[in-house]
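Here are my notes on the model, point by point. Please read them with the structure open.

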Amino acid sequence: MKVSVSMYSLASTIKEEQWGIIDFLDYAREIGLDGVELLDFYWTDKEREIPEVNHYLEQHGLIVSAYDVSNDFVKSDAEERKAEIQKVIDAIYTAKDLGTNIVRTFCGDVKQGETFKDGEKWIVEGLREAAKVAEKEEVYLAVENHGLLAGKSEQVAKMIKEVNSPYVTSTFDTGNFLLVHEEPEDAFDRLKSSISHVHFKDFREKEVGEQLTGFKSVKGVELIGVVPGDGQVNLQKIVQGLKDNGYQDFLSIEYEGFDDAKEANKEAVSRLRDLIGKV
């Protein structure tokens with residue numbers, strides 16, 4: 001298994017130090033990553049930057065582990081849904097330009113006036129349309145467990161089954177299951193045959209009196225992002241399960257805590273390499 005870091009893991013540093021993608025790649029090289037996960041909203045001029053990024057990757061022996069698209073299929077307006085499908089299709093071609101066959105894909109969430117039933121229908125329809133292009137281009141749409149409509153493993157598994165495409169798979173986010181009060185190990189057992197990408201993430205519960213604003217779970221429990229290993233997820237069991245299941249691809253760190261992001265991700269990489277070496 002190979003180690004990657006999502007550019008989103010450095011969100012605070014990117015904002016504070018005005019990093020561009022090349023700055024992130026410099027950091028990735030310094031901490032000895034195998035790959036990097038890039039996101040659609042970090043481009044300033046995509047057409048100009050893609051050749052620069054590819055040149056840097058080739059020069060320094062890095063590869064793109066996944067390309068993330070920030071889509072939302074849950075739109076009551078048909079034209080807006082069509083635009084979201086096109087966003088995913090565009091991401092497929094961008095992923096290919098960057099040399100990766102993984103597009104981390106979202107589903108979306110219900111807004112005021114929308115129903116869960118409608119939302120589920122629109123997600124499946126959107127994924128099916130995008131999958132037509134994904135199949136042709138041999139790029140995986142790796143659906144992340146995220147939000148209320150796709151937060152639980154059974155929801156993700158159901159969508160993957162209904163879309164019924166070998167190129168619609170799972171981005172298994174180890175931490176996000178805690179937000180819907182599902183044990184990540186149980187989720188792994190349900191999704192293990194569908195995983196094509198992994199987000200290596202961890203959370204802990206907010207302590208009484210702590211002056212931090214975390215992520216609210218569906219039951220109102222506030223969770224704080226931590227360096228993987230310092231929280232509630234049994235990461236060793238999941239990494240062992242991935243190995244036992246023959247997974248040989250990327251484990252991509254996604255840190256969402258409040259410590260210095262550069263130091264936190266560097267520590268996370270060290271811990272993950274140790275963990276991979278032990279299983």
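1. Two strands count as paired when DSSP finds at least two bridges between them. Keep in mind that this is a predicted model. With that rule, take strand S4 (residues 102–105) and strand S5 (residues 140–144). They pair in the parallel sense, over four bridges. Threonine 105 stands opposite valine 143 in S5.

2. S5 is also mostly covered. Of its five residues, four are buried.

3. Next, the open sheet. It has three strands, in the order S8-S10-S9, and the pairing is antiparallel. Which strands are at the edges? Strand S8 (202–205) and strand S9 (215–216) are, each pairing on one side only. Strands of a sheet pair through backbone hydrogen bonds, either parallel or antiparallel.

4. Look at the pairing of S9 with strand S10 (residues 222–226). This antiparallel pair is joined by two bridges. Phenylalanine 215 has leucine 223 in S10 as its bridge partner.

5. Phenylalanine 215 turns up again at the largest pocket. Phe215 is among the lining residues nearest the pocket centre, along with His146, Gly147, Asn176 and Leu179. By class, nine are nonpolar, seven polar and seven charged. The space in this pocket is about 390 Å³.

6. Now helix H2 (residues 21–30). Its buried residues include Ile21, Phe24, Leu25, Tyr27 and Ala28. Why do they lie on the same side of H2? Because they cover an arc of only 160° around the axis.

7. What covers the buried residues of H2? The cover includes two strands, S1 (2–6) and S2 (35–39). It also includes two helices, H3 (46–60) and H9 (261–278). Just after H2, glycine 32 takes a positive phi of about 75°.

8. Serine 6 deserves a look of its own. It sits in strand S1. Is serine 6 buried or exposed? Serine 6 counts as buried, because its relative accessibility is 0% and the cut-off for buried is under 20%.

9. Leaving aside residues up to four places away in sequence, serine 6 touches Phe24, Glu37, Leu39, Ser252, Ile253 and Glu254. Of these, Phe24 is one of the buried residues of H2.

Notes
Residues are numbered from 1 along each chain as its sequence is written. This is a predicted model: local features need pLDDT of at least 70, side-chain atom pairs count only at pLDDT 80 or more; totals for chains, interfaces and linings use all residues. Side-chain values use heavy atoms; hydrogens and water are left out. On a 1 Å grid over the protein atoms alone, a cavity is a set of points where a 1.4 Å probe fits but cannot get out, and a pocket is an open set with protein on both sides within 12 Å along at least five of seven lines; lining residues have an atom within 4 Å of a point. Grid points are joined across faces, edges and corners, and a volume is the space filled by probe spheres set on the points. Ala, Val, Leu, Ile, Met, Phe, Trp, Tyr, Cys and Pro count as nonpolar, Asp, Glu, Lys and Arg as charged, and the others, Gly among them, as polar. Buried means under 20% relative accessible area, exposed over 50%, partly exposed in between (1.4 Å probe, protein chains only). The arc is that of the directions from the helix axis to the C-beta atoms. Contact means heavy atoms within 4.5 Å.
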